[in-house]
Amino acid sequence: MTMKFRILKSMIKQGFVGMWRNRMMSLASIGSVTSALMILGMVLILILNINNVTNMTKEQFDEIHIYLKEDITDEQIDTIENEIQNYEGVLSVVFQSKEQALEIMKKRWGEESDLLNGLEENPFPRSYIIQLEDIKYADNVVSNLEGLSGIDKIKYFKDIVKRIISVSNVIKNGSLIVIGILMLISIFIISNTIKITVAARKKEINIMKYVGATNGYIRGPFIIEGILLGTIGSALAVILVDVAYQYIYKILNNRLYVFVTSYMVPSDDIFIDVVIIFMTIGIGIGILGSIISLRRFLRV
Amino acid sequence: MIIFKNIIKEYNNGVKALNNINLHIGKGEFVFVVGSSGAGKSTLIKLLLKEVEPTSGKLFFNKKDITKVKNRKVPIIRRKIGVVFQDFRLLPNKTVYENVAFAKEIIGASAKEIRRQVPIVLSMVGLSKKASSYPNQLSGGEKQRVSIARAIVNNPTVLIADEPTGNLDPDTAGDIMDLIMQINRRGTTVIMATHAKDIVDSMQRRVIALSKGKVVRDDQRGVYDHEV
């Protein structure tokens, strides 16, 4: 155990030495990891916020409002209600009479509600508000409703949700491609950086092999160098993304766009997740980069 | 302890470096391997160090079949074999002491072991006073002594010397040979590839002569060249 620890200690030291020896390439590697992860960070935050908005507004969207025709009888209304209750995914069906509809409208109009008093006849139709278990049932329920007689209009908000989801999908897919390319570039740059260290230590490696150093012992410092480059790159990205997000959040809050920030995910909530995701990816890129640069070299 | 049985080594480019080699080298023996360039000396050494695998035949080391060895196991074999090269192969940015200690570090020896054994080996090769010098401050003979110290610091059972005197003047070469003989007397098997006729002739040891990949001569008390 102590032997392993000693070896690890010297490997870490050599990893740092290797990184320092070609500073410019190390900087380039760190920069490429940072930029790839920063874009990932922006996309991640964007997606998280879109999800947040969709979740928060979902309650408003999983309702279907149906307006009944003026001339139907109470029996017909009862049949409709019974029918709807049997549909899959229907949580509740609430009837709204003409009077209730008028009351709601009066409340909404507030001071100008006096205008409504002048009406000779109540113009609001009777209606049902259908609460769904989930928005995914909306299409089925609506197509069933269309088969019923006595219904005048069906209003629901699936379209809006659909649009939000499709926009976020486009953003997600597009940026995944960009992130993938950036990660490949990062791996490539890191593997080149480590190749330089390997070349600088060629003689040493050769001697190590003859004296009986294991492949793991020889590879260790280079893999650690890769891990260091990835870790520093991702730490930088975490800091930059966090600072930028908090800045934007603050500006929007100060400028009275509270309605925007109230939909935004607070940065504290996602900080830990971002750190974990970034570190995993950063270290992964580092390890991959060094393995690629060593694969061919260390055979003998 | 080392057995070559019908060993054939043909490289990918079609060159047949060794053609049906049969050899038996016993424990504690001192063996010269002679032959012109391209006779197969280097390939013989590379086979022992597991740098290359034989095309056919069997190779034994310490009663173990090492004809085919997993990459992972190669270091274990190499730790039992010390190697000395013509060009010394020292690390220029490390002192004499560090160059020798390096060989122990990479097999995971403790700091205590290193502190105990490196000075012993350095005094054996007569370099105690140069422990903190760098390779560029040393003469050729001294450099070769450092490389010998590095080769034996892990107590190998075999010392392979590939032209160890090739870059040295005759006097210094003699000193190095004395040192190698001394190591051999301690029980270490020595295999030395060389072109140095006068050394081989004066030592009166076993000589294996290679030519075009074949053993053309194997004398117990041999000389470099019969025809002379």
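Helices (H or I, at least four residues) and strands (E, at least two) are DSSP runs, numbered from the N terminus. This is a predicted model, in which local features need pLDDT of at least 70 and side-chain atom pairs count only at pLDDT 80 or more, while totals for chains, interfaces and linings use all residues. Residues are numbered from 1 along each chain as its sequence is written, and chains are lettered from A and ligands numbered from 1 in the order in which they are written.

**View 1. Helices H3 and H5 of chain B pack at an angle of about 25°.** H3(B) covers residues 96–105 and H5(B) covers residues 140–152, and their axes are 8 Å apart. Axes are lines fitted to C-alpha atoms, for helices over the stretch in contact, and angles run from 0 to 180 degrees between N-to-C directions. H3(B) and H5(B) are therefore roughly parallel to each other. Angles under 35 degrees count as roughly parallel, over 145 as roughly antiparallel, 65 to 115 as roughly perpendicular and the rest as oblique. The crossing of H3(B) and H5(B) is right-handed; a crossing is left-handed if the near helix is turned anticlockwise from the far one by less than a right angle, and right-handed if clockwise. On H3(B) the contact is made by B:Val96, B:Asn99, B:Val100 and B:Ala103, and on H5(B) by B:Val146, B:Ala149 and B:Arg150. Two residues are in contact if their C-beta atoms, placed from the backbone, lie within 7 Å. By class, the residues of this contact are 5 nonpolar, 1 polar and 1 charged. Ala, Val, Leu, Ile, Met, Phe, Trp, Tyr, Cys and Pro count as nonpolar, Asp, Glu, Lys and Arg as charged, and the others, Gly among them, as polar.

**View 2. H3(B) also packs with helix H4 of chain B, at an angle of about 130°.** H4(B) runs over residues 111–124, and the two axes are 10 Å apart. That angle makes H3(B) oblique to H4(B). The crossing of H3(B) and H4(B) is right-handed. H3(B) contributes B:Tyr97, B:Val100, B:Ala101, B:Lys104 and B:Glu105 to the contact, and H4(B) contributes B:Glu113, B:Ile114, B:Gln117, B:Val118, B:Val121 and B:Leu122. These residues divide into 7 nonpolar, 1 polar and 3 charged.

**View 3. Helices H9 and H11 of chain A cross at roughly 150°.** H9(A) spans residues 215–254 and H11(A) spans residues 267–295, and their axes come within 7 Å. H9(A) and H11(A) are therefore roughly antiparallel to each other. H9(A) passes H11(A) in a right-handed crossing. Their contact has 19 nonpolar, 11 polar and 3 charged residues. In the whole of chain A there are 11 helices and 4 strands.

**View 4. The largest nonpolar core has 74 residues.** A nonpolar core is a set of buried Ala, Val, Leu, Ile, Met, Phe, Trp, Tyr and Cys residues joined through C-beta atoms within 7 Å. A residue is buried if 20 or more other C-beta atoms lie within 10 Å of its own, exposed if 12 or fewer, and partly exposed in between, with C-beta atoms placed from the backbone. The residues with the most contacts inside this core are B:Val33, B:Val100, B:Ala149, B:Leu159 and B:Ile160. Leaving aside neighbours within four places in sequence, B:Val33 is in contact with B:Lys41, B:Leu44, B:Ile191, B:Met192, B:Ala193, B:Ile208 and B:Leu210. Another core, apart from the largest one, has 32 residues, including A:Met19, A:Ala36, A:Ile223 and A:Phe278. Buried residues make up 42% of the 228 residues in chain B, and 27% of the 300 residues of chain A count as buried.

**View 5. Chain B touches chain A through 13 residues, which are in contact with 15 residues of chain A.** Helix H2 (74–78) and H3 of chain B are the elements that give two or more residues to this side of chain B. The residues on that side divide into 6 nonpolar, 2 polar and 5 charged.

**View 6. B:Asn6 and B:Phe88 each have a positive phi.** Phi is about 50° in B:Asn6, which is not a glycine, and near 65° in B:Phe88, also a residue other than glycine. B:Asn6 is found in strand E1 (residues 2–10) of chain B, and B:Phe88 in the loop between strand E6 (81–85) and H3 of chain B. B:Asn6 counts as exposed because it has 12 C-beta neighbours inside 10 Å. B:Phe88 has 20 C-beta neighbours inside 10 Å and therefore counts as buried.
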